[in-house]
Amino acid sequence: MTPSRILIVLTSHDQLGNTGEKTGFWLEEFAAPYYEFRDAGADVTLASIAGGQPPIDPKSALAEWQTDDTRRFDKDTLAKDALANTTPIADLDAGSFDAIFFPGGHGPMWDFPGNNTLAHLIEAFDEEGKPVGAVCHGPVALMAVRKADGTPLVAGKRVTAFTNGEEDAVGLSDVVPFLLEDRLRSLGAIISNDTDFTVNVVTDGNLVTGQNPKSSAEGARAILALLNAE
């Protein structure tokens with residue numbers, strides 16, 4: 001059987017608002033899905049908004065946030081090389097892949113919204129009924145995505161993402177350009193959050209969303225389940 005071809009798209013933004021601190025993608029949210037997909041035999045392609053090395057949120061590389069997957073990545077020279085040479089989204093064709101997945105971190109809050117190239121890429125996946133997955137702040141990629149009739153992709157869909165309470169808990173509610181939970185709700189999404197910082201993954205049709213970093217691996221498994229059901 002031909003391996004599934006899964007595209008992982010990462011942020012290229014590294015500035016945490018006006019704080020002077022760095023941000024990027026959250027390492028666990030990349031590493032856990034990456035190895036779930038790879039260990040399932042999938043062919044994984046890494047991409048980012050601008051291409052090249054996407055920024056890793058420095059906090060996510062601290063010892064307190066390491067997991068078996070991040071430690072595995074730290075020793076994986078091939079994975080590191082792939083991450084250092086991501087493909088720009090402008091060079092991608094949805095027809096070359098079976099599913100798309102967006103890790104979070106705070107970086108996406110700045111360079112995912114309003115990116116027409118990204119929105120059109122996701123629309124192409126959705127129009128073909130291919131799985132679209134995102135975790136934590138990754139669902140911000142869905143904001144500008146529209147259905148064929150012009151309505152928001154998330155309208156009427158059960159969706160989860162980093163909650164207002166979780167944003168408050170990490171002290172960044174006044175730093176991010178908007179609260180993701182509120183913005184998704186304003187687009188007509190049916191917010192299906194669980195207790196803050198617990199595993200929560202929601203599948204609605206071909207759309208898979210995870211609430212927080214702890215939901216990363218399960219979110220990837222939900223994507224694989226959709227692919228295996230085809």
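Visitor: Which side chain meets Arg-72 in a salt bridge?

Guide: A word on the source before that: this is a predicted model, where local features need pLDDT of at least 70 and side-chain atom pairs count only at pLDDT 80 or more, while totals for chains, interfaces and linings use all residues. Residues are numbered from 1 along each chain as its sequence is written, and side-chain values use heavy atoms, with hydrogens and water left out.

Guide: Now the general idea: side chains of opposite charge can pair when their charged atoms come close. A salt bridge here is a side-chain nitrogen of Lys or Arg within 4 Å of a carboxyl oxygen of Asp or Glu. The partner of Arg-72 is Asp-39, at 2.9 Å from N to O. This pair links distant parts of the chain, 33 residues apart: Arg-72 sits in helix H2 (residues 68-74) and Asp-39 in helix H1 (residues 27-39). Helices are DSSP runs (H or I, at least four residues), as are strands (E, at least two), numbered from the N terminus.

Visitor: How many salt bridges does the count come to?

Guide: The count is 10. Another of them joins Asp-14 and Lys-22, at 3.3 Å from N to O.

Visitor: Is Asp-39 buried or exposed?

Guide: Buried means under 20% relative accessible area, exposed over 50%, and partly exposed in between (1.4 Å probe, protein chains only). Asp-39 has 54% relative accessibility, so the residue counts as exposed.

Visitor: Why does Ser-215 count as buried?

Guide: Ser-215 counts as buried because its relative accessibility is 0%. Look for this residue in the loop between strand S9 (207-210) and helix H8 (216-229). Contact means heavy atoms within 4.5 Å; leaving aside neighbours within four places in sequence, Ser-215 touches residues including Val-135, Thr-198 and Gly-210.

Visitor: What order do the strands of the open sheet have?

Guide: Two strands pair if DSSP finds at least two bridges between them. The 7 strands run in the order S3-S2-S1-S4-S5-S9-S8, with mixed pairing. Strands S3 (87-88) and S8 (201-204) are the edges, each pairing on one side only.
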